[in-house]
Amino acid sequence: MKFERLNLNRREVLKAAAAVGVTSSLGLSGCSGAEQAQQAPVLQGAIGKDGHRVPPWSNWSGNQVSEPNERLVPRDTDELSAMIAKARQGIRLVGAGHSFSPLVPTKESLMSLAYFNGILGIDNASKQFEVAANTFLASAGEPLWQEGLSLVNMPDINTQTFGGAVATSTHGTGSAFGSMSSTVTGMSLVNGQGEVMHCSAENNSELFQAARNNIGALGAVTSMKMQAQDKYHLQETSWMMDLQEGLEQAQALRDTHRHFELYALPHADYIMGITLDDVSEQEALSQPRVTSGDAYETFKTLSKVIDAVPFMKRFIINTGASTVTKEVRSGRNYDIFGNVRDIRFNEMEYSVPAELGVKCLTEILDTIKKQNINVIFPLEVRYIKGDDIWLSPFYQRDSCAISCHNFHDKDYKKYFAAIEPIFLKYDGRPHWGKIHTLTAKEQSARYPKFDEFLKVRAAMDPRGIFANAHIKTVLGLS
Ligand SMILES: Cc1cc2nc3c(=O)[nH]c(=O)nc-3n(C[C@H](O)[C@H](O)[C@H](O)COP(=O)(O)OP(=O)(O)OC[C@H]3O[C@@H](n4cnc5c(N)ncnc54)[C@H](O)[C@@H]3O)c2cc1C
């Protein structure tokens, strides 16, 4: 087998890594049945008030499912307020269902603000815009660009809603940039009594500090104002480095590029670096458009090889990684930020103090090797600027977010259980939308303004209609 002929690029190696895991999950690579994920139960849907079945709900990866007894889709704020005011059971808001933690599941009412959609206004002088809460991030790029503006930063996909992304401090990477929540300048929401509330740094400031990472516990967010900036083009460069070299260079690369992230390959001696930097329109257009190519052959080849010789996993991944070529692509920022994720996975992410990121990652990679954990999915390492949002994982601290993934049809619990204590040792704070096991006791110790958040929540939702079982666990509500 000549791996040199594979000539892998970044997407191909990630997908090839994914392919290896898929074969493992099929039991072809020697993993035991005990390591297989439990299949989610097939849900039929609860019987609603009208005697008909209500469609069951599942999140993106399928690790969260629920059978709400009612689906609510208000058409406007008046109808939304009326629905909430007369609610006699719990209501959970759902955006795009891209959270891995049980933030959304409910046996009561599941509410979507699908009609609250679109850019509502753009103020060129302040470079701010107002967006309806259920707008997908992907829908904002073009209309803002037409007005000469762009989002300041973006996560690595764009299929979340603004309301969902802001609820969990969704973030991209770049040490000079905070999370999406940190660019919110004002919010409108309907509280648990059905009243419309507005907040900003100047008006209702306590609500503002709570609402910018609200985990859906304060009410239904209908719209928000966000700070944008002048539109810009980006050039993305990705390349494979020797693991030690990559770890040593991480902080310097973080400090010299607009955006920098790492993909660490478990069990391997390589790490991928990705930088994004501003380029002029002329430079962006002068480069050939790089497509990700058809990874299927690579996928199949690597899978077959590892099926046959699972004990050679490290050698095979190293050999594949060593052939990865540098890839450069450029374009409008929103085209470059948004990746397509067609392989489903589950994810745990913790943010540790920025200066401890490399040490924490090193310990995780060593643990995976020492415990021979059956995972080949790359770990993602990103940098986020600290903020002042009460429940933000980046509250008053510049952070390094480290994400562990496993394929959606593999048991992630054993892997995540081995890694979570390392995150806790480094004073990590979990991403609210990703898998973790912390309860209110541990969360309150991580957030100096936890009690202030609880006070705002009690005032916004005295009946507790926005609290599902998970919200009660992480906030300590009865
Ligand atoms: C493939 C993939 C890639 C991802 N990449 C990143 C990444 O790069 N960076 C990152 O930080 N995270 C990432 N995530 C996590 C994701 O961004 C968050 O979980 C985000 O909260 C999901 O947004 P959503 O629109 O799907 O909301 P949902 O998951 O549906 O809901 C999230 C929370 O928001 C609340 N909510 C939604 N809408 C409203 C509303 N209108 N009013 C009040 N509350 C509301 C819900 O009740 C819930 O508590 C990724 C997830 C996936 C599946």
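**Close-up views of a predicted protein model with its ligand**

**View 1. The surroundings of H259.** The side chains of H259 and R258 are joined by a polar contact of 2.8 Å. A polar contact is a pair of N or O atoms within 3.5 Å; within protein, one must be able to donate a hydrogen and the other to accept it, and residues adjacent in sequence count only if both atoms are side-chain atoms. This is a predicted model, in which local features need pLDDT of at least 70 and side-chain atom pairs count only at pLDDT 80 or more, while totals for chains, interfaces and linings use all residues. Residues are numbered from 1 along each chain as its sequence is written, and side-chain values use heavy atoms, with hydrogens and water left out. H259 belongs to strand 13 (residues 259-264); helices (H or I, at least four residues) and strands (E, at least two) are DSSP runs, numbered from the N terminus. A polar atom of the H259 side chain also lies 2.7 Å from the backbone oxygen of T173. Is H259 buried or exposed? H259 is buried, because its relative accessible area is 1%; buried means under 20%, exposed over 50%, and partly exposed in between (1.4 Å probe, protein chains only). With its neighbours within four places in sequence left aside, H259 is in contact (heavy atoms within 4.5 Å) with N153, T173, G174, F177, L234, I274, T275, L276 and F337.

View 2. The ligand is surrounded by 38 residues, and the closest of them are L93, G95, H98, S99 and R382. A backbone N or O atom of G95 is 2.7 Å from an oxygen atom of the ligand. For S99, a polar side-chain atom lies 2.7 Å from a ligand oxygen atom. For T170, a polar side-chain atom lies 2.9 Å from a ligand oxygen atom. The ligand taken alone exposes 990 Å², and the protein buries 99% of that; accessible areas come from the Shrake-Rupley method with a 1.4 Å probe, and for residues only the protein chains shown count as cover.

**View 3. What the ligand shell is made of.** Strand 4 (91-94), helix 4 (162-167) and strand 11 (220-230) each supply at least two residues of the shell. Which of the elements gives the most to the shell? Helix 4 does, with four residues. By type, the shell holds 17 nonpolar, 16 polar and five charged residues. Here Ala, Val, Leu, Ile, Met, Phe, Trp, Tyr, Cys and Pro count as nonpolar, Asp, Glu, Lys and Arg as charged, and the others, Gly among them, as polar.

**View 4. Strand 11 and its partners.** Strand 11 runs antiparallel to strand 7 (residues 128-132), and five bridges join the two. Two strands pair if DSSP finds at least two bridges between them. In this pairing, V131 stands opposite M224 in strand 11. Strand 8 (residues 149-151) is also antiparallel to strand 11, with three bridges, and L149 stands opposite D230. Six bridges join strand 9 (residues 184-190) to strand 11, again antiparallel, with V190 opposite A220.

**View 5. K225 within strand 11.** K225 lies in strand 11. K225 is partly exposed, with a relative accessible area of 40%. Leaving aside neighbours within four places in sequence, K225 is in contact with F129, E130, T183, V184, T185 and G186. K225 and I119 are 106 residues apart in sequence, and their C-alpha atoms are 9.9 Å apart in space.

View 6. Strand 19 and strand 16 (residues 345-353) pair in the antiparallel sense over two bridges. S351 stands opposite R429 in strand 19.

**View 7. Helix 9.** Seven of the ten residues of helix 9 (residues 313-322) are buried, so helix 9 is largely enclosed by the rest of the structure. The buried residues are K313, I316, I317, N318, T319, G320 and A321.

**View 8. The protein chain as a whole.** The secondary structure comes to 15 helices and 19 strands. Of the 478 residues in the protein chain, 58% are buried. The accessible surface is about 19700 Å², and 50% of it belongs to carbon and sulfur atoms.

Methods:
A residue is near a molecule or strand if one of its heavy atoms lies within 4 Å of it.
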